[in-house]
Amino acid sequence: MDAAITELLVPLTESRRAHTIEVGRKVERVAHLLPEHMRDDVITAAYLHDVGYGYPVTGFHPLDGANLLAAQGFSACICHLVAFHSGSCIEAEVRGFEANVFDRFALDSSPEMATANDLVWWADMTTGPTGETVTFDVRLADIRTRYPAGSIVRTAIDRSEPQLRAAVQRVSGSM
């Protein structure tokens, strides 16, 4: 993890920082599953996937993070992975955002980009809120414990569970 990434993570809470650093470390360990030309960007995106929590503008961290990173000149790939991580489109819908808020970060779909998304989602959904490795089911149970039924996050996680589970299974099956 380089100094620029470390500096961007400073505003995060200690536990959020521990979570996001472990997500980055996990993606580093499986980056060999990606084409070499994508590895650095995907690893960087994993380390920065929750950076938006430290720089709230809209109150929706995937977009806040992607907008911050785009303004700082990070690659389109990194911004895409941060904007679209872990079912964010579903949560944006639950929050009442228009679908077009993601347009500036959308990239053409390719098998390589699908794998990149899966790796970030897998790492995020198998890392607990303070950086510990957990199973997907334990991670969902924790989220459901912290957010009451009917809340935005709980509704979004319930709706996105099939997509999240599929990503975790694809990555787990490829190792």
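This is a predicted model: local features need pLDDT of at least 70, side-chain atom pairs count only at pLDDT 80 or more; totals for chains, interfaces and linings use all residues.
## Cysteines

C77 is buried, at a relative accessible area of 12%. A disulfide needs two cysteine sulfur atoms within 2.5 Å.

C89 is in no disulfide either. For C89, the nearest cysteine sulfur is again that of C79, 15 Å away. C89 is partly exposed, with a relative accessible area of 37%. Across the whole structure, the search finds 0 disulfides.

## Aromatic pairs

How many aromatic pairs are there? The count comes to 2. One involves F84 and F102, whose ring centres are 5.0 Å apart. Their planes meet at 35 degrees, so the pair is tilted. Planes under 30 degrees apart would count as stacked.

This pair links distant parts of the chain. F84 sits in the loop between α5 (76-83) and α6 (88-95). F102 sits in the loop between α6 and α7 (111-125). The two residues are 18 residues apart.

Are these two phenylalanines buried or exposed? F84 counts as buried, at 15% relative accessibility. F102 also counts as buried, at 4%. The cut-off for buried is under 20%.

## Charges over rings

Which residue lies over the face of Y53? R16 does, at 3.8 Å from the ring centre. W122 has a charge over its ring too. There, K26 lies over the face, at 5.9 Å from the ring centre.

Note on methods: Residues are numbered from 1 along each chain as its sequence is written. Side-chain values use heavy atoms; hydrogens and water are left out. Buried means under 20% relative accessible area, exposed over 50%, partly exposed in between (1.4 Å probe, protein chains only). Rings of Phe, Tyr and Trp (its six-membered ring) pair if their centres lie within 6.5 Å; planes under 30 degrees apart count as stacked, over 60 as edge-to-face and the rest as tilted. Helices (H or I, at least four residues) and strands (E, at least two) are DSSP runs, numbered from the N terminus. A charge sits over a ring if NZ of Lys or CZ of Arg is within 6 Å of the ring centre and within 35 degrees of the ring normal.
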